[in-house]
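Subject: Structure handed over, with notes

Dear colleague,

I am passing on the structure we spoke about, and my notes on it follow below the entry. Please read them with the coordinates open beside you.

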Amino acid sequence: MPTFVLTTIAALLTLCAYSFLYKDNPFYKFAEHLVVGVSAGYYLVIYYYNYIDPNVASPIFFLRRGGEAIALGGAEWWLALIPGVLGLLLYTRFFPKWGWIGRWPLAIYIGGYAGLGISPVMQSRVLEQLRANAIPLTSVTNVLLVVGLIGTLTYFFFSMKHKGILGGLARIGIVFLMVGFGASFGYTVMSRVSLLIGRVEFLLADWLHLIE
Amino acid sequence: MRATFPSLAVLITVALGAAPLCAQVAEPDSLLPVDTDPPAAPSNLAAIDLITNNDAGDRIAITWDLSPDDGAGAGDVIEYHIWRSETAGSRGDTLAVVAAGTSQHVDAAAEPGTPYYYRVASYDGTNRSTDATVGPVAGRASFFQPTRASVLALMATFFGLVLLFTRLAQRGSELFVRRIPGLNAVEEAVGRATEMGRPVLYVPGIGEIDNIMTIASLTILSHVAKITAKYETPLIVPTARSVVMSAAEEVVKEAYAEAGRPDAYNPDNIRYLSDAQFAFAGAVNGIMLREKPAANLYLGAFWAESLLLAETGFEAGAIQVAGTAMVSQLPFFVTACDFTLMGEELYAASAYLSREPKLLGSLKGSDWMKVVSITIMIVGIIMNLVGVDAFLNWFQVQ
């Protein structure tokens with residue numbers, strides 16, 4: 001298909017999406033339904049080729065994993081079969097009589113990920129942060145960092161009412177939070193505006209050739 | 001004679017011109033003094049069983065002090081030779097040759113349980129020093145990794161606190177949790193939707209089921225579903241992940257059954273829309289404009305689509321309560337929503353709303369873990385000030 005046709009299709013769909021700024025309308029509905037449908041099909045293919053095929057279908061049915069042959073009944077084969085069966089059991093939810101079976105793989109999935117995540121999270125998000133913030137109070141920056149951290153942690157302390165010293169520390173914490181949010185807001189808005197500029201450039205330059 | 005004179009002149013000229021060149025040409029090797037001095041040997045050779053993650057006992061760390069002639073002294077050391085043997089007194093096979101300036105090497109091919117003897121010598125290109133020797137040392141598979149003892153200690157402390165407070169809650173002890181304004185707004189929002197006869201829209205984020213924010217969101221969804229079941233208010237739950245949809249269906253169905261209204265449960269209201277971020281956002285915007293929910297609850301993991309959802313909901317006139325631990329999205333929710341649960345308030349919400357002992361126990365446990373963390377940090381700062389590094393070094397994970 002010629003490039004101009006594809007560019008025109010993309011430009012028209014962009015305008016359909018932007019028509020939402022006025023109000024809901026058939027053009028926006030069309031673009032919305034199109035992208036939802038296309039993304040569903042796209043992700044189905046992506047998930048099959050990136051996850052199901054290499055981890056389940058190829059090892060179980062074709063005895064291949066990562067480009068290498070594996071043995072039928074071997075450890076790698078079982079490591080593909082068991083999760084594959086658990087995944088299939090999720091579909092029992094479509095049969096009311098057997099729907100309770102689908103809770104087991106779900107429980108294994110959620111529990112497994114939660115359990116596996118505890119140690120790395122404790123190390124990376126607690127331990128390393130504590131070490132990094134136990135800094136000498138020899139500069140204004142260091143003092144602000146430590147005070148802000150203690151204040152913020154105090155704000156998220158739910159076991160006591162925020163009164164007295166605790167209330168004061170919590171108020172310091174919320175101030176630090178809001179300053180941080182403001183900076184993050186401004187930074188993100190800048191990046192969103194740059195995305196808008198990119199899209200307008202696409203319309204004016206790539207599609208209409210009004211600018212270079 | 002005449003014929004040879006020019007030739008002689010040329011020869012003499014060439015010889016005169018070439019003389020300086022000849023002076024620069026290296027003398028034959030046989031004329032250079034031979035380096036017969038071996039470099040000084042490395043010292044303090046040590047070998048220990050290296051304990052790493054999933055340790056199989058097959059790694060031995062070898063360390064030594066640099067030869068005095070490495071970068072100093074004679075300055076002629078170019079490399080170190082390392083040998084490994086299974087018998088004392090024998091040099092064995094060459095394990096590795098490492099460059100000058102290197103003072104450690106890992107033998108990654110050791111047989112667990114086999115004692116080895118190591119020798120290291122410095123080499124200057126001609127001569128080798130005497131060998132430094134160490135051994136026997138054997139690698140052993142290690143069940144416990146001592147360098148991660150601090151992680152274990154913190155986890156044990158945390159689990160202990162959670163179990164303690166869970167037990168206290170189960171025994172009926174009153175565990176105080178301070179008022180969180182945004183959480184009271186959740187029930188008000190559902191009440192408003194019931195009065196207006198319009199649905200409640202609950203968006204559990206676009207995180208996968210293994211995302212802790214999604215799990216917290218599903219816990220709050222259970223509470224919200226019980227309220228909507230009681231008041232017969234339609235509850236719409238759009239999801240961006242198929243497994244999250246499955247989990248949400250289970251949660252809502254069970255909540256309706258617990259509220260005594262299993263007949264009111266409508267599985268068509270739990271919808272999988274799209275895995276694509278902005279396709280999901282577009283579809284949720286469409287739901288907001290067409291089905292006109294009176295209350296929008298955004299609780300979970302959100303990324304760039306957060307402002308799209310919140311702004312559209314604001315334009316549609318719905319009361320909005322948001323909650324996420326995504327720091328980059330909190331500013332947008334704070335700006336566009338009526339109430340926002342920030343960070344840990346989202347995780348506290350499930351315990352606050354349901355008052356279940358296990359959830360209360362984990363909330364209180366994490367609260368007091370914050371106290372432990374602040375204490376460790378303050379002690380670390382004080383130790384840092386007085387120049388004691390051992391305390392913080394213990395928390396260094398290798």
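In this predicted model, 41% of the 398 residues of chain B count as buried. Chain B is built from 11 helices and 13 strands, and its C-alpha trace extends over about 130 × 70 × 45 Å along the principal axes. The radius of gyration of chain B is 37 Å, whereas a compact globule of 398 residues would come out near 21 Å. If one takes the contacts in chain B between residues at least 6 apart in sequence, 68% of them join residues at least 24 apart.

The domain assignment divides chain B into domain 1 (43-137), domain 2 (146-165 + 362-394) and domain 3 (175-355). Taken over C-alpha atoms, the centres of domain 1 of chain B and domain 3 of chain B are separated by 62 Å.

Chain A has six helices and two strands, and from the N terminus on these elements follow the order α-α-β-β-α-α-α-α. Of its 212 residues, 11% count as buried, and residues 24 or more positions apart make up 18% of the contacts in chain A with a separation of 6 or more.

The contact between the chains draws on 49 residues from chain B and 44 residues from chain A. On the side of chain B that touches chain A, at least two residues each are supplied by helix H2 (149-170), helix H5 (242-258), helix H6 (277-291), helix H8 (330-336), helix H9 (344-354) and H10 of chain B. The largest share of that side, 12 residues, comes from H10(B). Sorted by class, the side of chain B that touches chain A holds 29 nonpolar, 11 polar and nine charged residues.

One helix of chain A deserves a separate paragraph. Helix H5 (residues 140-155) of chain A has 16 residues and reaches 22 Å from its first C-alpha to its last, which is close to the 22 Å expected at 1.5 Å a residue. Within H5(A), the residues Ile150(A), Thr154(A) and Tyr155(A) are buried. These three cover an arc of only 140° around the axis, and therefore they lie on the same side of H5(A). As background, an α-helix has 3.6 residues a turn, so residues three or four places apart point the same way. On the other side of H5(A), Thr141(A) and Leu144(A) are exposed. What covers the buried residues of H5(A) includes helix H6 (164-207) of chain A, together with helix H10 (357-386) of chain B.

Some local backbone features may also be of use to you. A cis peptide bond, with omega about 0°, joins Gly135(B) and Pro136(B), and Pro136(B) lies in strand E7 (residues 132-137) of chain B.

Finally, is Ala316(B) buried or exposed? Ala316(B) belongs to the loop between helix H7 (305-315) and strand E12 (319-324) of chain B, and it is buried, because it has 20 other C-beta atoms within 10 Å and the cut-off is 20 or more. Leaving aside neighbours within four places in sequence, Ala316(B) is in contact with Met288(B), Leu289(B) and Lys292(B). Ala316(B) and Ala279(B), by comparison, are 37 residues apart in sequence and 19 Å apart in space, C-alpha to C-alpha.

With best regards

Note on methods:
Residues numbered from 1 in each chain as written. Chains lettered and ligands numbered in written order. Predicted model: local features only at pLDDT ≥ 70, side-chain atom pairs only at ≥ 80, totals over all residues. Helix = DSSP H or I, 4+ residues; strand = E, 2+ residues; numbered from the N terminus. Rg over C-alpha atoms; globule rule 2.2 N^0.38 Å. Buried ≥ 20, exposed ≤ 12 C-beta atoms within 10 Å, placed from the backbone. Contact = placed C-beta atoms within 7 Å. Expected span 1.5 Å × (residues − 1). Arc of directions from axis to C-beta. Nonpolar A, V, L, I, M, F, W, Y, C, P; charged D, E, K, R; others polar. Domains from an automatic or database assignment.
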